[in-house]
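Please walk through this fold with me, one element at a time. We begin with sheets, then turn to hairpins, helices and backbone details.

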Amino acid sequence: MSETPHNNIESTLVENRLFEPSSNMVASAAISGMGGYNALCQEAADDFEGFWAKRAKQHLHWSKPFTKVLDESNAPFYTWFDDGELNASVNCLDRHMGTPTEHKTAIIFEADDGQVTKVSYRDLLTRVAKFANVLKAQGVQSGERVMIYMPMTIEGVVAMQACARIGATHSVVFGGFSAKALQERAIDIGAVAIVTANYQMRGGKELPLKAIVDEAMALGGCDAIHTVIVYQRTQTAVNMVAGRDYFMHDLEAVASEQCEPEMVNAEHPLFVLYTSGSTGKPKGVQHATAGYLLWAKMTMEWTFDLKDSDVFWCTADIGWITGHTYVAYGPLAAGATQIVFEGVPTFPNAGRFWQVIERHKATIFYTAPTAIRSLIKASTSDESVHPKNSDLTSLRIIGSVGEPINPEAWMWYHRHVGGERCPIVDTFWQTETGGHMITPLPGATTLVPGSCTLPLPGIMASIVDEAGHDLPHGAGGLLVVKRPWPSMIRNIWGDSARFKKSYFPDELGGTTYLAGDGAVRSEERGYFRITGRIDDVLNVSGHRMGTMEIESALVAHTDLVAEAAVVGRPDDLTGEAIVAFVVLKGARPEGEEAQRIAKILRDWVGKEIGPIAKPKEVRFGDNLPKTRSGKIMRRLLRNLANGEAITQDISTLENPAILDQLLKPL
């Protein structure tokens, strides 16, 4: 990468440093130069349906070819290729049989303790077929839903692929979520089975999974679940309920290695993944088989410029959309060799990521800004874990995902991990979009630190005002996508009205996708920069959580809490930090007592939702700032959380003196 010099004056709003793609990268890339990018964009503009049809035929194996491309007759419930049939597992595994990829390494698994296991595409197909037969033997049928609550292991990927093979819709829940979160999702989706593990290993510690499943089942409402399959990750015993609970290895021991795949309609729900919404109830984001898989494969090849020789490593957990698209589906559909890593970046030391890259000669590395920022901090205080101590010369492309990356973290990543030669693909996308939407292309795009640059070909992104009118470059507004695309969300499971209201509001015409993020385009290049959420959804370490969900958890501590309000504030490490303003049922605590109760409440939220949802800060008041009509003035709480002076009119406040109580952290 070559840097265009500038005057070293940097602003958080205007970033002037430019990094051109190297001539070698331009020459070898799948999308070569801006000429290649512009040609694809023009092709999509000239014949939108033809553009997508060509790629669906090129990238996917169909058992029944489609004749229809896009159906907009029931907008915004768009369908793609909906008279075609296929199977996702076939497109990830069977398609490689009889080709050189059959014996290529599919997964290099590095466990928490450093042990390495490798499986070929042939091996992986055998394992998926066996587990698919296990699910069928337990009565799981096509169209039914299976919960997956697993650690980052080969078995987690196998479980997802096996569901796809038999036409069951999977719903993966991140292994850090609580029993209550698991129970709510299992009820909403109508799950008939759960695949889990006895424990997961993180940072040298055994953390329970099966016990949390048991707790979720005991909460009630999960009567449809007739089977719990347990992967024995560790040797520690767990409670097993006769007639319901089975060890994976016992069932697989008697399962056939051949499983005929279930061909499904292109619009068949491949998975439902829950993401937080501003109303408190998690949204089950429903994705269709063909459109999702098409974009997963295309973006692997476009964004990461994937070559047959690459060793790809996405550090995301399969519990998040990034782990779905860029671990469980995209790399396998593209025939890549990938690293699956069980552990955490700081165990046994904060040099673990760099050591994994060196050990396995990773060529493409894809991680979150939160991880980057934490490792910057670690290497500043302990030089022994600095990336310079590992050989990272195998890397050729590095990426960022989950939230915007601030320019200085981008520069550190560029210098110390990418060796000032690797393009950084700073990808913007969402659970709802299924794959990358706005991102640099390594052989085409001039990079600007902190900018996700330009939409991928076929993605008609724009910035509009609240009435849906296009805004000029330089003006901030709402990020929207004006035309449907194949990998888009199809529905919110069981709640079509919420789907339309959340993503296709009438104010924007009812057919324009509202991303829920604010953005601005640079005046010179038209590059996009994401400015943050426009609703009450927080983005902590790349994980989205609704403020209402956290507030509900706090108020559920009925012995202590009378009222609570939650806002986010910028945080150097996690991108956004949770700040909770709490009114107790008793007197407002101070000093050590306030610290003690704050810890109780943080732990409570961790138990109710999961550790990621713990407030970083808790502040206590006799009341919350409210208007005379009783509405909490959240903008004032955001000012307080950010340490900003309150300059707006507060004459409508019922109790302005409350602001002084809430002003300072504990």
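Two strands count as paired if DSSP finds at least two bridges between them. Helices (H or I, at least four residues) and strands (E, at least two) are DSSP runs, numbered from the N terminus. The model is predicted: local features need pLDDT of at least 70, side-chain atom pairs count only at pLDDT 80 or more, and totals for chains, interfaces and linings use all residues. Residues are numbered from 1 along each chain as its sequence is written, and side-chain values use heavy atoms, with hydrogens and water left out.

Start with the open sheet of four strands. Its order is β23-β24-β26-β27, and the pairing is antiparallel. β23 (461–464) and β27 (528–533) are the edge strands, and each pairs on one side only. From one strand to the next, the twist averages 45°. Angles here run from 0 to 180 degrees between N-to-C directions, and axes are lines fitted to C-alpha atoms, for helices over the stretch in contact. Look at one pair in this sheet. β26 (residues 513–521) meets β27 in the antiparallel sense over five bridges. There, Gly518 has Gly532 of β27 as its bridge partner.

Strands of a sheet pair through backbone hydrogen bonds, either parallel or antiparallel. Now move to a sheet with mixed pairing. This open sheet has seven strands, in the order β7-β6-β19-β18-β20-β21-β22. Why is one side of β7 and of β22 left without a neighbour in the sheet? β7 (116–120) and β22 (424–426) stand at the edges, and each has a single partner strand, so one side of each stays without a neighbour. The twist in this sheet averages 20° from one strand to the next. Within the sheet, β18 (residues 311–314) and β19 (residues 337–341) run parallel, joined by three bridges. Val311 stands opposite Thr337 in β19.

Next come two hairpins. β11 (residues 199–202) and β12 (residues 205–208) run antiparallel and share four bridges. Met201 faces Glu206 of β12 across the pair. Two residues lie between the strands of this hairpin, where Gly203 takes a positive phi near 60°.

The other hairpin is made by β28 and β29, again with two residues between the strands. In its turn, Ser541 has a positive phi of about 55°. β28 (residues 537–540) pairs with β29 in the antiparallel sense over four bridges. Leu538 stands opposite Met545 in β29. Which way do the residues of β29 point? In β29 (residues 543–546), His543 and Met545 point one way, Arg544 and Gly546 point the other way, and all are buried. Buried means under 20% relative accessible area, exposed means over 50%, and partly exposed is in between (1.4 Å probe, protein chains only).

Turn to the helices. α6 (residues 154–166) has 13 residues and spans 19 Å from its first C-alpha to its last, close to the 18 Å expected at 1.5 Å a residue. The expected span is 1.5 Å times one less than the number of residues in the helix. α6 is mostly covered, with 13 of its 13 residues buried.

α16 (residues 547–555) packs against α17 (residues 591–608) at an angle of about 115°, and their axes are 9 Å apart. Ile550, Ala553 and Leu554 of α16 meet Leu601, Trp604, Val605 and Glu608 of α17. Contact means heavy atoms within 4.5 Å. The residues of this contact divide into six nonpolar, no polar and one charged. Ala, Val, Leu, Ile, Met, Phe, Trp, Tyr, Cys and Pro count as nonpolar, Asp, Glu, Lys and Arg as charged, and the others, Gly among them, as polar.

Finally, the loops. Most residues other than glycine have a negative phi, and most peptide bonds are trans. A cis bond joins Ala75 and Pro76, with omega about 5°. Pro76 sits in the loop between β3 (70–71) and β4 (79–80). The bond from Phe347 to Pro348 is also cis, with omega near -5°. Pro348 is in the loop between β19 and α12 (352–360).

Phe81 is not a glycine, yet has a positive phi of about 55°. Phe81 lies in the loop between β4 and β5 (85–86). Is Phe81 buried or exposed? Phe81 is buried, with a relative accessible area of 0%.
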